[in-house]
Amino acid sequence: MLASAVVAGVTEARARIFGHVLNPTGHRSPHKILRKKLIGQKVAAWYPYDIKNDDPLVMAREEEERLSKLEMLKRRGKGPPKKGQGRRAVKRSK
């Protein structure tokens with residue numbers, strides 16, 4: 001009885017001194033995951049700054065290019081079908 005109390009006291013003191021988490025029950029704990037450093041800022045810093053997010057002229061030009069390409073495809077008969085007239089609907093009606 002006394003020996004187990006001493007061991008428990010030593011374990012608590014060791015955990016306090018070295019900054020460990022005391023887990024006397026032995027159940028699974030998320031502490032191992034939570035003590036890792038967060039990597040979000042590091043990942044975000046890896047990618048270069050995207051000018052498209054801030055410059056409306058770039059976005060407008062891209063949208064204009066997209067619409068002109070779509071118009072060209074429609075003139076050639078290659079554009080997207082109207083709603084309800086796609087391949088699936090044609091398959092279903094057969």
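Guide: Before we start, buried means under 20% relative accessible area, exposed means over 50%, and partly exposed is in between (1.4 Å probe, protein chains only). This is a predicted model, where local features need pLDDT of at least 70 and side-chain atom pairs count only at pLDDT 80 or more, while totals for chains, interfaces and linings use all residues. Residues are numbered from 1 along each chain as its sequence is written, and side-chain values use heavy atoms, with hydrogens and water left out.

Visitor: Okay, T25 then: buried, partly exposed or exposed?

Guide: T25 sits in the loop between α1 (2-18) and α2 (31-34); helices here are DSSP runs of H or I with at least four residues, numbered from the N terminus. Its relative accessibility comes out at 57%, so T25 counts as exposed.

Visitor: Which side chain makes a polar contact with that of T25?

Guide: A polar contact is a pair of N or O atoms within 3.5 Å, where within protein one must be able to donate a hydrogen and the other to accept it, and residues adjacent in sequence count only if both atoms are side-chain atoms. At 3.3 Å, the partner of the T25 side chain is that of N23.

Visitor: Where do E63 and R66 lie?

Guide: E63 is partly exposed because its relative accessibility is 36%, and R66, at 46%, is partly exposed too. They are three residues apart, about one turn of the helix, and both lie in α4 (residues 56-75).

Visitor: What about K83, how far is its C-alpha from that of M72?

Guide: K83 is in the loop between α4 and α5, and its 85% relative accessibility is why K83 counts as exposed. M72 is 11 residues away in sequence, and C-alpha to C-alpha the distance is 19 Å.

Visitor: Last one: V43 has its place in which helix?

Guide: V43 has 41% relative accessibility, so this residue counts as partly exposed. The helix covers residues 40-46, and its label is α3.

How values were computed:
Helices (H or I, at least four residues) and strands (E, at least two) are DSSP runs, numbered from the N terminus.
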